[in-house]
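Opening my notebook on this one. I'll jot things down in the order I looked them up.

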Amino acid sequence: MSTPQGQLWILVDYTACSGCRLCEIACSLKHEGAIWPSASRITIYEHYPGAPVPQYCVQCPDYPCVSACPTKALRVDQATGAVLVDPSLCTLCLNCVEACPGKIPKVVRGKKYILICDLCKGDPVCAKECSRAGYNALKVIRKPASTGIKHYAKPGRTLAEELGKKYLT
Amino acid sequence: MVHIFGSWGRLLRVDLSTGKTSTEEVHPMVYRMYVGGRGLAAYLLWRELGRKWRDVDPLGPENVLTVLTGPLTGYYPGIKLVVSGKSPQSGGVVGSAVSSHVAYAIKAAGYDGVVVSGASRDPVYLYVRDDSVEVRDASKLWGLRGLELVRALREDVGRDLPSLYIGPAGENLVRTAAVMARWFHAAGYGGYGAVMGSKKLKAIVVDGSGPLPPVASRDDFAKLRYEVIDRVAARSTFRKWGTTSGLWRVGYETSSEPVRNWQEEWHNREEFSHAPIERRHWVKNPWADWGCPLACMKVSKALVDGVGYVTDGPDYEMGAYLGSNLGLFEVDKVIALSALADDLGLCGIQVGNVLGFAVELFEKKVLTEEDVGYTLKWGDFSSLKRLLEDVAYRRGIGMVLAEGAYRSAIELAKRKRLPVEDVLKYAVQVKGIGIGAHGIRSRKDYPQPIAYAASVQGGDHTSVAGLPANSEESEVWSAFLDSAVICMFTSVEEDTVLKFLNTVTGWSVAKDELYGTIGPRILSLQRILLLLGGPDVRWDPRKHDDNPPRFYEPLPSGPYAGSLVPREEVSKNLVEYYRQLGWDDLGIPTEETLRRLGLYDAVDVVQALRRELGAS
């Protein structure tokens, strides 16, 4: 499978993640104009001390969420590879959440549509914030052609359990 | 509701005796006068318990537990909240700050804090989901230690949510019990773990789904926030080694680390440093709390006698108090003791303080094997571990030591028919609160001889007094940080912090107001409540505004051998410090000061105090 030129991806270095949530703060400030971590498109899970896991849309090569959407509210931004939500079409039917292997799309009180990472039009603010603070746990790379990236689309709690056990046992 | 920025002006109130929950609106003027956090706690406690303060049993249902954020919580990088109430250690009000994600969650749920009164009959935990507040059964959680409890709570609510909680120590009303957060974080000073235990409150779990309240000036805020983030992220010693780097440095370089119950403050143990810990034990570096660009924490694990232990750092205070202070310099075992203290819900400083006190009493043959049930020896891991657990579960000698060094000394003197001074001289504490792991004899670390003697939070090393009163050396500054509420490690100079405060709140607080009015107002209330004390402690400034006897013994070793705290300087500086705060020679706020600070309703209380103490 080939990836269109210019599409990007956020690579996460779990060992470098401090669990600080500056990514969540930056994401919500950018998208919602407020510090609003529950409305952040990136979420940190930490089930074991010292094993925080950032989770966000990994842009599966087959985009199951997009095909599951009955109202065509979801589409792929060809330029970046991100899934874009059309707020006017989304009915919060949650079919996309069902279809997502990681149950990643977010429903937040006070928002009338589903929240999915839009890669900030090609310049993800979470990664910028992470490196500004010197953690460098999130790196923007060219989207890998491998279908293996779908392995990252696990539920946050599963990732947090798996990583935590590796760390501490 | 009157509009206010940076806070909601709303508290969640829970009465555990009735199970009723409600909200309380707080007038913006109260925030302007007390800011939030520690200041707001002092205000609320004074208002609700002030008139009957002496009779309030800190471990009775009449005590009020406050969990408060401040206007800068969530905005200023580095998150904290302040736990308070009538302290089971000092009988006063201690603002006990702890890093916790609960701080932002409380605000995201639409409150500035949670105020818990009454007591439940059966174990409960509080589950706050925005407007929905549940007092849930915790009978299955009672008895659980930290690591198990965090997991059990996650299963109970079905999600990974931040919580404040107590371990077995808090349940057993141990006065050195902490309110814990995120496995290893503790609101330790004050002993509020025991207050939660007395209310049968195992945990507070908060799910806040909303945004933080609006700030007054959005553009300025965004700019200022990055200015602080960039400066704080550059603090490379903290980033690399956290406060663990102090284990070697504070002892070897500045001679101010407790060694064997403060018999020495210098050591030359190279193995007792961050280097072997970093090499062999850290599994996570850096580790940070919510919104923190500093990341002073690290996660360490160790295997001792076939048992695995996990803790942070250990940070300097935990490492020093459960290491050098106990004559233990093997870092893997120090990690184990720290992990155990965390898991049991004990304040590492306070329990390390009382353990050191006990081992020295054993060394001096005041305590015997008959009293303890086993031999206590400096550096002996297995007996220290046993003693730590005995304190948490109030077993055997732990029944006495669970009261902290001050109360233990009085009780043991009685049992041994010794003059109380002969046992109290081994208790390194001020007003019932064990002194943090920063000595003042060498004057190379904490240089002020009245640092602890004049503090309204006794031995709290994060709230030390000093001259001049209108500077960062003064307790005014700590009181302000605890009220704003921000972390002392991510704080910067006053001008920028105040600018941040004004940008978020829309206020125009200048330095002279901070040092002349706001700070002295908070400290005056804390001081009055501390001097009222009760029911089992009463502090006389002439006797108790002082250092522990040990600090008047010369340092026996190291480059500053011979140094001690000069007594004359203590008395002289106390009077001067009090004068600068608008207090009399005994440190009682004058009536004129109270009127100037708007504390009119404290005037008669202070007059009575002055009469009682026979002051002029």
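This is a predicted model: local features need pLDDT of at least 70, side-chain atom pairs count only at pLDDT 80 or more; totals for chains, interfaces and linings use all residues.

I started with B:Leu530: at 1% relative accessibility it counts as buried, where buried means under 20% relative accessible area, exposed over 50% and partly exposed in between (1.4 Å probe, protein chains only). I find B:Leu530 in helix H21 of chain B. For the element names I use DSSP runs numbered from the N terminus: helices are H or I with at least four residues, strands are E with at least two.

Next I listed what touches B:Leu530, taking contact as heavy atoms within 4.5 Å. Neighbours within four places in sequence aside, B:Leu530 is in contact with B:Ser90, B:Gly92, B:Lys431, B:Ser455, B:Val456 and B:Trp539. I also checked B:Leu59: it is 471 residues from B:Leu530 in sequence, and the two C-alpha atoms are 16 Å apart in space.

Residues are numbered from 1 along each chain as its sequence is written, chains are lettered from A and ligands numbered from 1 in the order in which they are written, and side-chain values use heavy atoms, with hydrogens and water left out.

Then the cores. A nonpolar core here is a set of buried Ala, Val, Leu, Ile, Met, Phe, Trp, Tyr and Cys residues joined through side-chain atoms within 4.5 Å. Which residues have the most contacts inside the largest one? I get A:Leu138, B:Leu346, B:Phe357 and B:Tyr577, in a core of 272 residues. Helix H21 (residues 511–532) of chain B gives the most to this core, namely eleven residues. There is a second, separate core of seven residues, including A:Cys60 and A:Ile149.

Leaving out neighbours within four places in sequence, its contacts include B:Asn261, B:Leu401, B:Leu412 and B:Tyr426. B:Asn261 sits in the loop between helix H9 (246–252) and helix H10 (274–280) of chain B, and is buried with a relative accessible area of 0%.

B:Ala295 also has a positive phi, near 60 degrees. I place B:Ala295 in the loop between S13 and strand S14 (297–304) of chain B, and its relative accessible area of 1% makes it buried.

Where are the cis peptide bonds I noted? One joins B:Asn285 and B:Pro286, with omega about 0 degrees; B:Pro286 lies in strand S13 (residues 282–287) of chain B. Another joins B:Leu467 and B:Pro468, with omega about -10 degrees, and B:Pro468 is in the loop between S17 and H19 of chain B.

That loop, between strand S17 (433–434) and helix H19 (475–484), also holds B:Gln448. Buried or exposed, B:Gln448? At 13% relative accessibility, B:Gln448 counts as buried. Among the contacts of B:Gln448, sequence neighbours within four places aside, are B:Ile440, B:Leu467 and B:Glu473.

Last, chain B as a whole. I count 25 helices and 17 strands in chain B. Of its 616 residues, 68% count as buried. The C-alpha atoms of chain B fill a box of roughly 65 × 60 × 50 Å along the principal axes.
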